[in-house]
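Student: Could we go through this structure together? I would like to learn how to read it.

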Amino acid sequence: MMKPINSLFVLSFNNLTYSLNRRKDMSLPSIFGRKDTSAIDTLSKKKVLLNDISDEAKEGEILAILGPSGSGKSTLIDALANRITKESLKGSVIMNGEALDSGVLKMISAYVMQDDLLFPMLTVEETLLFSAEFRLPRSLSKLKKMERVQAVIDELGLRNAAKTLIRDEGHRGISGGERRRVSIGVDIIHDPILLFLDEPTSGLDSSCAFMVVKALQRIARTGRIIFMSVHQPSSRVVSLLDQMIFISQGEIVYYVSPTNLSLYLSDFGYPVPENEDRTEFMLYLYRELEGVPDGTKCIVEFCKSWPKVHDNGQFSSYYSKGLGLSLTEAINARISSGELTDGDINNITQTSAISKFANPFWVEIIVLLKRSLTNSKWRMPKQFMLQVAGVVFVGSVLASVFWRLDKTAGGVEERIGFFVFIVTTIFFGTTDVLAVFLQDRYIFMRETAYNAYRRSSYVLYHSIIIIPTLFVLSILLASLTFSSVGLDGGYSSFLFYFFAIFASFWAGNSLVSLVSGLVSQVMLGYIVVMPTIGVFLLFSGFFIHRDRLPPYWIWFHYISVVKYPFQAIVLNEFDNPYLCLVEGVNLNYKSCLTTGLDIVRKQDTTDLSKWSCLWITLAIGILYRFLFYISLLFGSKNKRK
C-alpha cells in the first residue's frame, strides 16, 4: 500500500558508514624483533559494518531490513535510532529535511529490543499502565492513561490476555507472540512517530510472527514510520511490508518494494524459479555470492545502477522537491488534526523549553515503588520469609554458641570475636542484591535509554525500597543476640546495638549495589564483592591493630567499611569507666583488674566515638549509593562506539 504524496513525516538516511578498528595479531618472531616474511602488520585494520547506505521511509510504511546474521541489520537499526556515537557514524539521518536532535528523537521514537524484557509477575494491563505512568505526563488523568492503555491493547490484539500474568520461562503465562507484542506496547504507549525494532519475529513460529507484523502494520497505518530487522521472513510476513532493504556485509544489494524483487532478480540474470519464494531465493543467492571472494560486488553494483522503482518508478525525496513540511510544521499539523494523543509528544514544539522527561523525579520514584511492590506481591512473602528465616537461623546459632558470656578475660575475647563475626556475616549476607539488580538490569537500560525515568530516580527508589526490609532484619538479629549473648548497657545500649546492625546492613547493601552497577554478570559480581569484603575485614582492626599496620597500608584501614560498625559495637559494650570485667584482690580488698576502658585501649579503638562510627557507616552507605548512580550514569549509555 503506497502512501499519498501528502505524507506528513519522512525519514531519510544518507551515506551511512560505520566501521570498527580491528587489530591484527602479531606473529611470534615480530615480538622478539626478528624479521619474518610472513609477519602480520600490527596496524589497526577497519572492519566496515555499514558502507554508504541510503534510503527513506514515509509515514504509514514498514521498512524491513533483511540479511543473514552478521550482515549489518541490527547495526543499521542502531544507526537510525541514534544508538551509535556521532564520532563513529558517518552520514546523516534527516526527518522532514531537518537533522534530528538526540533529545527530539528520544521523544518521538521508540526502540524495541530483540529480547522480551518484562516483569514476570505483572499482568499485561499492569505492564502497559506502568509504562503509561512513566511516559505520559502527570497532567493527564488516570482515566486518560487507562484509555491509552486500552487502545494499545486493542491495537496489538491483546484483549484476551489483558488480565493474564506475564510470567517467565519456568511458569506458564502469556504466549511468545503475546510477550513480543507486549514488549512493543510498552514502547509505543507514548504514541511515537518512529518505531525501531530489532528482529521482532526472532524465536517465534510463523503464525506468531505474522500476528506480530500484522499488529505493526496496523500501527504504521495510523501514521507511524516503522523500521524493523528480520532474519528470514515467511511469504505472509513479506506481504505486509512496504519496503525492504537487503544487506550483505554492510552493503545494500536491494532496496525497493517487495513486489519488484522478482523483476530485480530477473534483470540481474537470476530469475526466481517457479513455486519458490522470492525472498528466500534472494537470501540464498547472495549468501552463495558471499562465499566467493568479491562475489557480492556484482550485485551491489547492479543495485546502484538498477532503476529505482519506488513510488511507481518516481523515487525521489519529497524534500529534494521542496514538497514536504518541516518537522515542527508536520507535528503541529498532526496535533491540529487530533491524531496525536495528549502525551509528551505534543510538547515537541517547545523541546528547548521543557524537560526531556515526562514527569518530575518524585513521580518517577512513586511509580517505580508501586511497580516493584506490585511485581513482588506474589513473590514477596516467600522471598521475605526466606530472608527472615536466614536471619533467625544465624541469630539463633550465634545466641546458642555465645550464650551468656561471662566477664572474664576469656569472655571478653569471645565477645570481641562475636562482634566481628556478626558484622562480617551481615556484609556477606547482603550479596543477594547482586542477583536482584542484574536480573532487572536490561529493563532499566531499555527504559532509561528513551527517558522513561531518570537514573537518579532509580537510585533513590532502589535505596528507599530496601529500608523496611533492612529494618525488620536488623531488629530481629539484635533481639535474638543482645540479651542471649549477655551484652551490657540496658535499653539504650540495645538501641545503639540495633542501629549499628542496621548501619551494617545498609552499608553492605550499598556496597553490593555499587558492584552490581559495575559488572554485568552475577558470577563476576561475586568474584569482585567477596574478596573486597574479605580485605575490608582484614583491615578492620580485629586481626591486626591499627598501630601494627605498615604505614603504606594505614589508608586502607580508614576506608574499610567493616572497621566502623565493628568499632561502634566494641565501644558500645566496653566504653564505660565503671564497667569492671575482671575483678581481683589487692591487700584483702576487692579491686577491678580490667575495666571496659582497658579493653577499648587494648583494641586500639580510641580514635573515634561510637556515634561517629555509626554516622560514618551510614555516610559510607550513602557514598556507595552515589557511586552506584555514577556507574549507572556512565555505564548504561547503551550506545555503540
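Tutor: We shall discuss salt bridges, a helix and some strands in turn.

Tutor: This is a predicted model, in which local features need pLDDT of at least 70 and side-chain atom pairs count only at pLDDT 80 or more, while totals for chains, interfaces and linings use all residues. Residues are numbered from 1 along each chain as its sequence is written, and side-chain values use heavy atoms, with hydrogens and water left out.

Student: How many salt bridges are there?

Tutor: The count is 20 salt bridges, where a salt bridge is a side-chain nitrogen of Lys or Arg within 4 Å of a carboxyl oxygen of Asp or Glu.

Student: Which residue forms a salt bridge with K163?

Tutor: The partner of K163 is E125, and their closest N and O atoms are 2.6 Å apart. K163 lies in the loop between α5 (142-155) and α6 (176-188) and E125 in helix α4 (residues 124-135), so the pair ties together parts that are 38 residues apart in sequence. Helices (H or I, at least four residues) and strands (E, at least two) are DSSP runs, numbered from the N terminus.

Student: Is K163 buried or exposed?

Tutor: K163 is exposed, with a relative accessible area of 63%, whereas E125 is buried at 13% relative accessibility. Buried means under 20% relative accessible area, exposed over 50%, and partly exposed in between (1.4 Å probe, protein chains only).

Student: What about E447, and what does it touch?

Tutor: Leaving aside residues up to four places away in sequence, E447 touches R371, A452 and Y453; a contact means heavy atoms within 4.5 Å. With R371, E447 also forms a salt bridge, the closest N and O atoms being 2.6 Å apart. This pair links distant parts of the chain, as E447 is in helix α18 (residues 433-449) and R371 in helix α15 (residues 361-376), 76 residues apart. Both E447 and R371 are buried.

Student: And where does K563 lie?

Tutor: K563 forms a salt bridge with D607, with 3.2 Å between the closest N and O atoms. K563 lies in helix α23 (residues 563-574) and D607 in the loop between α24 (596-602) and α25 (610-635), so the pair ties together parts that are 44 residues apart in sequence. Salt bridges that share partners join R546, K563, D604 and D607 into one network.

Student: New topic: which residues are buried in helix α9?

Tutor: In helix α9 (residues 261-268), the residues L261, Y264, L265 and F268 are buried. Seen down the axis of α9, its buried residues fall within an arc of 95°, so they line one face of the helix; the arc is that of the directions from the helix axis to the C-beta atoms.

Student: Why would they line up like that?

Tutor: An α-helix has 3.6 residues a turn, so residues three or four places apart point the same way.

Student: What do the buried residues of α9 pack against?

Tutor: They pack against β9 (243-248), β10 (251-256), α10 (278-290) and α11 (297-305).

Student: Now the strands: which way do the residues of β7 point?

Tutor: In strand β7 (residues 194-197), L194 and F196 point one way and L195 and L197 the other way, and all are buried.

Student: What stands opposite F196?

Tutor: Y111 stands opposite F196 in β7. Strand β6 (residues 109-112) and β7 pair in the parallel sense over 4 bridges, and two strands pair if DSSP finds at least two bridges between them. β7 is also joined by 4 bridges to strand β8 (residues 225-230), and these run parallel.
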